Amino acid sequence: MKTKNLNTMKSNLLNRPHRSLILRLAFIGILSFAAVEDSYGQYNDNTWQSIKTDGKDFYTVKNQYEAYLSQQYPDSIPTGKLGNIKNYFRMVNFWKKRLGIENDSTSFLPYIQSINNQAYMSVCGATDPANWELVGPANLPSQTNGLVSQVLYDPNIPDSYLLCSDHGGIWKNQIAGNTWRNVTDVLKIPGLACTEMIRNPFNNNHIIVSTSSTLHHGDFPGYGQGLIESFNNGNDWGIMPSFPNSDYPAILKVIADPNDVNPVDGLTLFAIGIHKLYKSINTGLTWSIVNNLPALNQNTTYTDIEIANNGDVFLTRRSLYNDIDGQLFKFHNGTWADISSKLPDFQKMKLSKPYNGKIYATINNYKIYKTIDFGETWTKVNFTNDNISEMSGEIEYSPTTEIIYIGSVYLHYFKDLAGTNTLKTLNTGHPDVRDIVL
């Protein structure tokens, strides 16, 4: 039977930056080992799950369980036991960074209670430095109800929102009582997830959504159903009949051309999948594949697309296997060009919405570049605290405030000033920001 060394697994799964905490836990573990030896028969591979319910000191249960593992599996852990024990280390890695934040508690129980009692909502109140307000979903019994991947507001109806959960369909809030209902269950599409939700600027009731999931595969999309749309402000939904949903169901993003002032013949739309770029010039009545692109690097997939106010289209591709083959394309005056050489080598890139030629981009999760001339030149944005990481989510630039927001595990933001900037972080626990809408 294949086995895996316990110490190796611990080294891979525990969070290395918290070294002082790890040393402290190791010391406590030595003190509690004797107690575990005396009560060997009371422990098994599932004992650690008692942390969720019994309210014991988190560190005590943690150290007793790890002492049990050392005694039960002194050399290696059987492959059949790894799944459950890996879940234990994932749980420890997640919670040890949060204990002691709230009321100096070292117990797991207050965190579960605060979630169940919605006490966690207080972190989004007026005392927050960014003045954020939680609008929903609310009145949920726990935080294990799904991930919100996209959000869309109604400019004509205050406090009216649509949100899409990853693998849970689209939800619409009922303003009276701040309750939510699923509006896509009637489609009978299991695991429906969204990657972009857009509203027709000339028909407020018309909403188009690209469907796929990037939860487990980064920018490599999972199950989807192409494009779906609603003609009554998100109350009822149907599959867009003209889009090749059966041939290409997983769509990473759909976008409308903001330069259409009054499209008599229809709105111009672009939609990207893994390896194809689609375009419609009549609000999705017909679609064509864009083929006049520059050469595509091998083992790359489409990642992002944005349209500037001068009509330029920017399109990015991600390298699946290395850090150098990412690509940035620009469409200008009817011609596509590969402008990747204007930037350092990169694996992937996410773009902010362009404003008057200014675009911000995250590169390889930890660098930010900007252009102020529609992509002709790019410069690196420098920070005083150069410890940014995992900025793989959305990036948005507000021309009103000059603030740039970056979605990741936390919400990063900074105001772009001359010289070196300070990157700030809004931490409300573990928000995992996946969409930012200005």
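Reply: The model is a predicted one, in which local features need pLDDT of at least 70, side-chain atom pairs count only at pLDDT 80 or more, and totals for chains, interfaces and linings use all residues. Residues are numbered from 1 along each chain as its sequence is written, and side-chain values use heavy atoms, with hydrogens and water left out.

Me: How many helices and strands are there in the protein?
Reply: Helices (H or I, at least four residues) and strands (E, at least two) are DSSP runs, numbered from the N terminus. The count for the protein is six helices and 26 strands.

Me: What percentage of the 438 residues count as buried?
Reply: Buried means under 20% relative accessible area, exposed over 50%, and partly exposed in between, with a 1.4 Å probe and protein chains only. Of the 438 residues, the share that counts as buried is 47%.

Me: What share of the contacts with a separation of 6 or more comes from residues 24 or more positions apart?
Reply: A contact means heavy atoms within 4.5 Å. Among contacts with a separation of 6 or more, residues 24 or more positions apart account for 49%.

Me: In which helix does Tyr-68 lie, and what is its relative accessible area?
Reply: Tyr-68 belongs to helix α4, residues 58–72. Its C-alpha atom is separated by 6.9 Å from that of Tyr-43, 25 residues apart along the chain. Tyr-68 is buried, and its relative accessible area is 4%.

Me: Which residue of β22 is the bridge partner of Lys-370?
Reply: Lys-370 is in β21, where it stands opposite Tyr-360. β21 also pairs with β22 (residues 379–380), in the antiparallel sense over two bridges. In β22, the partner of Lys-370 is Thr-379.

Me: How many of the five residues of strand β24 are buried?
Reply: In a regular strand the side chains alternate between the two faces of the sheet. In β24 both faces are covered, with Ile-403, Tyr-405 and Gly-407 buried on one side and Ile-404 and Ile-406 on the other. The strand (residues 403–407) is therefore largely enclosed by the rest of the structure, and its buried residues number five of the five.

Me: How many residues lie between the strands in the hairpin of β24 and β25?
Reply: On one side, β24 pairs antiparallel with β23 (residues 395–398) over four bridges, and Glu-396 stands opposite Tyr-405. Five bridges join β24 to β25 (residues 411–415), also antiparallel, with Ile-406 opposite His-412. The number of residues between β24 and β25 in their hairpin is three.

Me: Which residue takes a positive phi in the hairpin of β23 and β24?
Reply: This hairpin has four residues between the strands. The positive phi is near 65° and belongs to Glu-402.

Me: Which residues lie nearest the centre of the second largest pocket?
Reply: On a 1 Å grid over the protein atoms alone, a cavity is a set of points where a 1.4 Å probe fits but cannot get out, while a pocket is an open set with protein on both sides within 12 Å along at least five of seven lines; lining residues have an atom within 4 Å of a point. Strands β3 (148–153), β7 (194–199), β11 (253–256) and β15 (300–307) each supply at least two residues of this pocket's lining. The lining has 33 residues, and those nearest the centre are Ile-198, Arg-199, Ala-256, Pro-258 and Lys-353.

Me: How much space lies in the largest cavity?
Reply: Grid points are joined across faces, edges and corners, and a volume is the space filled by probe spheres set on the points. A search of the whole structure finds one cavity of 30 Å³ or more. Arg-199 is among the residues lining the largest cavity, as are Leu-152 and Asn-233. The space in this cavity is about 40 Å³.

Terms used
Pairing = 2+ DSSP bridges.
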